[in-house]
Every structure is written in structure tokens, then in C-alpha cells.
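Subject: Handing over the structure

Hello,

Here is the structure I promised to pass on to you. Please open it first, and then read on for what I found in it.

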Amino acid sequence: MKKNNKIALILMIVSVMIFSMVRNPYILMAEITGECSNCHTMHNSQSGSPMATYGATGQPWTGNGPYALLTRGDCLGCHGMGTGNRIEIINGSEIPQVYHTDVNDLAGGNFAYITGAKGSGASDAKGHNVVDVGDIDNTLYGPPGGSLQFLHDNGGIVNSTNLTCAGDNGCHGNRYYGLGSGLNALKGAHHRNVDGALDSADNIYDSYRFLNGVKGLENPVDRWQNVSAASHNEYYGETTPMILGCSGGELHCHGAGGIRPPNNTISGFCSTCHGNFHTLTGPSMGDDEGIGPTISSPFQRHPSDIALPATGEYASYTSYSVEAPIARNSVPSSPNGTVVPGSDVVMCLSCHGVHATDYPDLLRWDYTGMVAGSGSNTSGCFVCHSTKDTGG
């Protein structure tokens, strides 16, 4: 082949690759890019002043450092700057914020509701009281629903004095893996981050939002946000809840890679602390443990990781609601605005937020406003229980 023809062929192949990536953004990687100094400082010193300067002014997570991994701030130092923006821009890099006063929130919610910096007033009940925020829960000590006999976590491992963003006593990164809590548990994850559809979840960097072992689709258009039926994250779920435990036939969350959900679902992940709310009653439990013995109603606790029924009141939920999102039993390649009762999945995030919301118990809506038979409400509980509002 002549040299000119070879060059033309190479250019054509490169053009096709670039075109394919533009047409299909879900295959793009999303590692950290930009100047190293955006996030790191070699010695935490420049002209005699500390370089660890990120964080909300006057908040407990704002300090002079130094911090682990040569960073200029801890988790909230970068992701909780306390500004009026839900996404901060640092030298061209987008930084999602979980503590801010923007009128809208990211999909994970906003710790500012706990402190009262935003919303209807400060309350420990509005969120996960991570110690990083400096507002320890004065009501709860251990995780609600964590008192299963085999889970041994009614506060003995994770509690109001040590719950944090990442690591042994947190949610993100390697958990109970000998790395402690904080940034060390996330080492390398930002630089190797895989964006879009995450259907392996074998490592921290290819797990949904760095939640170890969780599958899902990270919204590739409006990143970190649930905006509409056409633009939202997609969550992975199963149609049958696990039976959690440590005896024969039961599943447990300890593995070679630290603590992770045995079924790779977001509800399974929450079960690692709130097990009673996510497991069927199993042989090592009493009758009052779990959501009940089978996947059929009646339940003794609201089920998760269970298919939305295809009959009755549930059959009307066919258009995706970001107010009461559902999960899928396979990870889609793009956000889907259609809900399929009988196949799509009720999950913990159908009702609850993650970091914090403006309502008690991290609910997505005001539970006291859910009035059956009023005929005036189609939101909240009534997205799924569509006939309860009309008395049907």
C-alpha cells in the first residue's frame, strides 16, 4: 500500500473513532483532568502559606492541612465548598457539591439541610450525620434497621461518632479494608474513574459513584443530577430481595474486596448498614426481622429490590418520575423515560435521598402531606400507589 493511502486509511479510522465517541458519549472515560495543582499540593506550602485552602469558610472541614494523598482538602473540602453553586468550576474542572445553597440539588442531596444552611431549618433527622459536617446525630446512635442478629451493627461498628464520607466507617471507597476512613480509601479512584454505564463494579473506580460493588448508569448528560424523565441516573436493582446472614443459604457482605453488596444493587448497598429494611426473613432471624418471609404482600416493612407490581394501582406508573425513581434489573446504556411495571424495581432511593433532604428520614417528600383519599395529590407515595389518593 502506498504511503499516501496508508495515511488516508489511518485518518479515516481515527475519524470514525472520534465520531463514534461523540455519537455515543457513554463509552467515554471520565478520569480527573486538568492541572495537578487543582487538587494536589506537594508540600502544602507556597510562599510560606499553606496550600490546603479548599472548603466552606467557617465550617469544620475547612483547615490548613496537610491532608492525605497530597490533596488540598478532604472530601468536603472539594465537594462541600458551601457556595451558591451545586457544581463548582476549578480551572475548568467540574466539582459536584454536596454542601451548598443552590436552589437545586444534585441527585445525592445536600448536607446543608442538616445544619440549616439551606431549607426549612436544621435537623439531625434530615440526613446522614457524617462527622465531617460536624453535626453529630443527637437522637440515633447506630444505623436504623441495623439490629439484625447477624449484622452485629447496632452502633458497634458504625455510629453517630464515626460515620464519615469514605472508608471503614463511610459509604464511598474501600470499606473495612484496612485503609481506615477518609481519602486513603479512595486512592486512585478519581484518576481511573469510569463514567456512564457501570456494569462490572469490580473495583472502586468502576463502581457507581465509588460505592464499592454497586452497578448503575451515571447520567452522562446532566452529570450527577436527576433532572427529568429524559435525563437522570439509572439505578440497578433485583426483583427478589436477598436473605442476609452468615449461615447456610444466606448472603453476607464481607468479601476479599471489603464490604460490598452481594447482589450489586443500590438497595443491597444500603443493606450493609440497614439490613433489616432490605432482607427477607431468613433462618437465622426471628419472625420480626426483615421485610417478611416472601416477596408477596402483606409485608411487615416496605420492600425494596422487588418488582413494581404490574397490576392494580401500580400499573399506572409508566412515565419515569425523578420524585420517586425506580431501578432496572439490568444496567441500561442511556437514561430511559419509560417505566415497565412487573419488570422495573422498587428500591430504597424510590423514597429516600442519600446525603440529606429537607424532610425527616431523608425522604424525598413531606410524608405528613401524603393524605389518602384527598384527591389532590399525585406526588410522593402516590406515584406508585396511584389509587390511594382517590380512594380507589
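Leaving aside its neighbours within four places in sequence, which residues is A324 in contact with? They are Y317, S350, W365, G380 and V383, where contact means heavy atoms within 4.5 Å.

Before the rest, a word on the source. This is a predicted model, in which local features need pLDDT of at least 70 and side-chain atom pairs count only at pLDDT 80 or more, while totals for chains, interfaces and linings use all residues. Residues are numbered from 1 along each chain as its sequence is written, and side-chain values use heavy atoms, with hydrogens and water left out.

Back to A324. Its place is in the loop between β8 (306-307) and β9 (327-328); helices (H or I, at least four residues) and strands (E, at least two) are DSSP runs, numbered from the N terminus. A324 counts as buried because its relative accessibility is 2%. Buried means under 20% relative accessible area, exposed over 50%, and partly exposed in between (1.4 Å probe, protein chains only).

Together with Y235 and I266, Y317 has the most contacts inside the largest nonpolar core, which has 28 residues. Such a core is a set of buried Ala, Val, Leu, Ile, Met, Phe, Trp, Tyr and Cys residues joined through side-chain atoms within 4.5 Å. The elements giving two or more residues to this core are α5 (266-271) and β10. Apart from it lies another core, of 23 residues, including C75, Y99, L183 and I204.

Now for the charged pairs. The structure holds nine salt bridges, each a side-chain nitrogen of Lys or Arg within 4 Å of a carboxyl oxygen of Asp or Glu. In one of them, K118 pairs with D105, and their closest N and O atoms are 2.7 Å apart. K118 lies in the loop between α3 (112-115) and α4 (189-192) and D105 in the loop between β2 and α3, so this pair ties together parts that are 13 residues apart in sequence. K118 is buried, at 11% relative accessible area, whereas D105 is partly exposed, at 25%.

Another salt bridge joins R328 and D344 (2.8 Å, N to O). Because R328 lies in strand β9 and D344 in the loop between β9 and β10 (345-346), the pair ties together parts 16 residues apart in sequence. Both R328 and D344 are buried. Salt bridges with shared partners join E234, R328 and D344 into one network.

Strands β1 (residues 87-90) and β2 (residues 93-96) run antiparallel and are joined by four bridges; two strands pair if DSSP finds at least two bridges between them. I89 stands opposite E94 in β2. With two residues between the strands, the hairpin has N91 at a positive phi near 50°.

Finally, the overall picture. The protein has five helices and 10 strands, and 46% of its 392 residues count as buried. Of the contacts with a separation of 6 or more, 51% come from residues 24 or more positions apart.

Happy exploring!
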